[in-house]
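Biologist: I would like to learn how to read a model of two chains, one feature at a time. Could we look at it together, with the general idea first and the case at hand second?

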There are 2 protein chains.
Amino acid sequence: MDTATHTAAQSRVVDAALELFAVRGVNGTSLQMIADALGVTKAAVYHQFPSKEQIVVATAETELARLDAAVTAAEAEEDRSRALEVLLSQVVDLAVERRHVVSTLMHDPVVVRLLATHEPFPRLMARVSRVLLGAAPTAEARVRAAMTQIAIGGAVSHPLVADIDDDTLRSELLRMARRLFGLPVDR
Amino acid sequence: MDTATHTAAQSRVVDAALELFAVRGVNGTSLQMIADALGVTKAAVYHQFPSKEQIVVATAETELARLDAAVTAAEAEEDRSRALEVLLSQVVDLAVERRHVVSTLMHDPVVVRLLATHEPFPRLMARVSRVLLGAAPTAEARVRAAMTQIAIGGAVSHPLVADIDDDTLRSELLRMARRLFGLPVDR
């Protein structure tokens with residue numbers, strides 16, 4: 001996923017769109033609203049992206065570029081524990097840093113459908129699963145991978161953690177993720 | 001939450017509605033579709049529930065009655081580990097048994113809004129959190145409670161576990177939940 005292909009003008013549209021998506025949902029956000037947020041005309045937004053669908057794709061590409069980098073780093077590790085450490089710590093960092101938009105990426109029906117059907121997203125999700133599953137995709141490994149994928153992203157947008165600062169949230173999430181995988185946990 | 005207040009005719013509407021909600025979402029389901037699924041007229045459905053909103057409420061009441069029973073049982077335990085065991089095992093049982101509708105209850109925007117705003121649902125959710133948090137709602141306890149609430153319900157509807165049978169899914173989920181709480185795990 002090469003977000004370098006987005007121009008500066010396109011990136012501004014993507015940033016404004018994502019903030020609106022997080023508040024109003026994708027279906028509740030119009031191109032006019034994105035234009036208004038940027039102080040430009042709707043035609044100017046159209047000039048960057050000919051459809052809202054393409055803005056949603058660009059938004060997901062931008063947000064998932066770092067997930068792609070995290071999986072690539074994990075895949076490069078030969079040791080299973082090391083690969084898990086790399087993936088879990090980078091995914092936790094990413095989820096905490098983007099905590100105000102993670103819920104949109106996980107639950108907005110338009111985004112969910114896109115991530116499930118529009119390459120390269122399903123391929124990226126399969127790579128995440130592969131690292132989490134390891135060489136033996138037993139029932140235990142699959143249940144754990146499913147819980148991990150949901151719990152990290154889901155927890156950062158949960159009301160119970162709303163007033164926990166980023167550093168604390170990061171270290172507690174990583175500790176819980178390590179517990180699930182039986183990795184060493186510092187106390 | 002007293003589901004005994006639903007008549008047999010109301011329960012049939014609730015069951016049919018929930019199956020449709022799971023496939024089409026609440027907003028994609030009309031009273032006519034519910035009537036068609038039951039082989040009755042729309043007027044007959046109206047006779048049981050004057051609005052779709054009330055069907056959604058009745059559906060949530062029906063599904064959450066057992067969660068209410070589980071929390072009540074956990075609250076009756078004086079010992080913290082025992083209370084957690086009771087809640088986690090009953091919530092896992094419930095999530096696995098209702099795995100085909102859990103995703104609707106967790107993610108359908110209409111249901112999510114209802115559960116957050118319409119008593120007794122927010123009160124029930126607060127009781128679940130209280131048992132999970134224990135006496136000291138530290139950051140660790142809050143992150144773990146958030147992950148647990150999301151991960152159990154979220155995992156049962158995850159594609160990675162789709163072909164795992166109910167018994168295996170139940171025991172693996174419970175094992176992972178125990179790990180998060182540092183409870184003894186049988187192997």
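**Two copies and their axis**

Modeller: In this predicted model, chain B is superposed on chain A by a rotation of 180 degrees with 0.0 Å of shift along its axis, and the RMSD is 0.0 Å. The two copies are thus related as by a two-fold rotation axis. Such copies are superposed by least squares on the C-alpha atoms of residues with pLDDT of at least 70 in both, where pLDDT is the predictor's confidence in each residue, from 0 to 100.

Biologist: Which residue of chain B comes closest to the rotation axis?

Modeller: In general, two copies of a chain are related by a rotation about an axis and a shift along it. Here the residue of chain B that comes closest to the axis is B:Ala151, with its C-alpha at 2.5 Å.

Biologist: How are residues and chains labelled, and what is counted?

Modeller: Residues are numbered from 1 along each chain as its sequence is written, while chains are lettered from A and ligands numbered from 1 in the order in which they are written. Because this is a predicted model, local features need pLDDT of at least 70 and side-chain atom pairs count only at pLDDT 80 or more, whereas totals for chains, interfaces and linings use all residues. For chain A the mean pLDDT is 92, and 97% of its residues reach 70 or more, while the complex is given an ipTM of 0.89 and a pTM of 0.89 by the predictor.

Biologist: How many residues of chain B are in contact with chain A?

Modeller: Two residues are in contact if their C-beta atoms, placed from the backbone, lie within 7 Å. By that rule, 25 residues of chain B are in contact with 25 residues of chain A. Two elements of chain B, helix H9 (139-156) and helix H10 (166-180), each give two or more residues to this side, and H9(B) provides the largest share, 12 residues. Helices (H or I, at least four residues) and strands (E, at least two) are DSSP runs, numbered from the N terminus. Since 100% of the interface residues of chain B are also interface residues in chain A, the copies meet through the same surface.

Biologist: Is B:Ala58 buried or exposed?

Modeller: A residue is buried if 20 or more other C-beta atoms lie within 10 Å of its own, exposed if 12 or fewer, and partly exposed in between, with C-beta atoms placed from the backbone. B:Ala58, which sits in helix H4 (residues 52-75) of chain B, is buried because 21 other C-beta atoms lie within 10 Å. Leaving aside neighbours within four places in sequence, B:Ala58 is in contact with B:His6, B:Gln10, B:Val14 and B:Phe49.

Biologist: And what of A:His6 in the other chain?

Modeller: A:His6 lies in the segment before helix H1 (8-24) of chain A and is partly exposed, because 17 other C-beta atoms lie within 10 Å. Not counting residues up to four places away in sequence, A:His6 touches A:Ser11, A:Val14 and A:Ala58.

Biologist: Where is B:Pro120 placed, and which kind of peptide bond joins B:Glu119 and B:Pro120?

Modeller: The bond that joins B:Glu119 and B:Pro120 is a cis peptide bond, with omega about 10 degrees. B:Pro120 is in the loop between helix H7 (109-117) and helix H8 (121-133) of chain B.
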